[in-house]
Amino acid sequence: MAELARQARAGLADAVRIARWANDGSGGGTRLRPGSVGSLLDQAAERAATDLGATAAEVRAAWDRARLAGLVELHGDTARPGWRLMVWDSDDTAVLRGWVALFDAWSIARPAPAAFAPTLVAEVVEAVPQLLSLLQLSDGPVLIPALQDLLEQRVAELHTERCEVPYEALDGPSVEAGHSLPADGPTHPQELGSIGGPPPPALLNWVLDSLASVGALTFEDGQATLTPLGNWAVWVKLEQICVAAQSPAGNIEQSAPEMLRGCSRLTPGPARAEYRAWLAARPVGSAVTELLDAARGEDALLRGLAFEALRVVGAPAETAVRSATDDPYLRPYALLWLAEQEGGDPDDSPEVLTREEATWLWVDTAAAVLDHGDAQLLVRHLDSAVQGTVPALLEEVRAVGHPRTVQVLVALAAAHPDPALAKAVRRAAFQVHTGEA
């Protein structure tokens, strides 16, 4: 473990340098002002390049690695040192977890080739665990043609699983009248990639370059080899998958909603173990997408659990979670998730959410309690409202527009032991139902 941590420190030395530069004040004040995905402004990159004796491109690459490894955290438009940076020289476990966070984010470490359809890129990313497994089992160099064959085979399997028809099957006399392709055929790789074409070598090169950039493998002389760190990471993930497959919970093969429902019956520790195993069996990008799709459903409990699972994902989910702030159903959860990633206290929701967002979240959580809890838990949920008094809560709940408001208030009125308060809650439910002001 100590030797692996030493290798991780060596591989992330450039990221640590830029993170410490950001922390020591040499650039002055708020020189690190990230954009929407945490990128450095030109002025900050140029100043860091001068101070560190590097190029601006090297600085930007190191900054992205520091952000993905949790060495820096974003607080609004300012970057601050992450907790891992504070213990970097003394805590081997923190170092290895930081490197694994970077490894999990390999597909965003370098942009995918723009010429190919996002669907094809996503399929290639989904196939990468099989490539990594082959490299790990081979315990040595694997020729690029063998990896290309495996990649094509796995993508073809994905097409079969989804009942997709490859492009070649559409090109010929069997195409029905009125459904033929244009006479000149597809004119752009995106068009071919979007209807089931095999992955070209350029995409395998992107995969190997990206994994090499995070230190998971070496890629030269027509062959690829896992580094000791890459070999260890793949072994750990395979072990997690095997343990999960043998465990009583066994949610690893379930869809995100089914996995979350299974975890709803577990205490927090075992639930997090299930999340980790489920995530280890999937590319991080598609797993995050599945979790956010589950969160957009009607079940409020799954919404909260999805963001608990996303907390296990950590930094690689940041871009997708930031995008989720545009969804009114997900916004309160996403804002709290982002605040925690930036080092905030999860109990400080009044400082993160507006009053309206906090009220919406209170109703959404009450809906989860109503669907999956008991009446007394719903009554106790009153204590968590930011308003402090029931009349103030009812006034703001009526205005917040949550679709489950009436159901929550009716159930609360039926469960509350105070007749006068129950009457006020029933009146509020009726007013929401009838649209009264």
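Author: Helix α1 passes helix α6 in a left-handed crossing, where left-handed is the term for a near helix turned anticlockwise from the far one by less than a right angle, and clockwise would be right-handed. Helices here are DSSP runs of H or I with at least four residues, strands are runs of E with at least two, and both are numbered from the N terminus. Before we go on, please keep in mind that this is a predicted model, in which local features need pLDDT of at least 70 and side-chain atom pairs count only at pLDDT 80 or more, while totals for chains, interfaces and linings use all residues. Residues are numbered from 1 along each chain as its sequence is written, and side-chain values use heavy atoms, with hydrogens and water left out.

Back to the crossing: α1 covers residues 2–11 and α6 residues 92–104, and their axes come within 9 Å and cross at roughly 55 degrees. Axes are lines fitted to C-alpha atoms, for helices over the stretch in contact, and angles between N-to-C directions run from 0 to 180 degrees. That angle makes α1 oblique to α6, because angles under 35 degrees are called roughly parallel, over 145 roughly antiparallel, 65 to 115 roughly perpendicular, and the rest oblique.

Which residues make the contact of α1 with α6? On α1 they are A2, L4, A5, A8 and R9, and on α6 they are D92, V95, L96 and W99; contact means heavy atoms within 4.5 Å. Seven of these residues are nonpolar, none is polar and two are charged. Nonpolar covers Ala, Val, Leu, Ile, Met, Phe, Trp, Tyr, Cys and Pro, charged covers Asp, Glu, Lys and Arg, and the others, Gly among them, are polar.

For a look at one member, take L71: beyond neighbours within four places in sequence, L71 is in contact with A15, V16, A19, A66, P81, G82, R84, L85 and W88.
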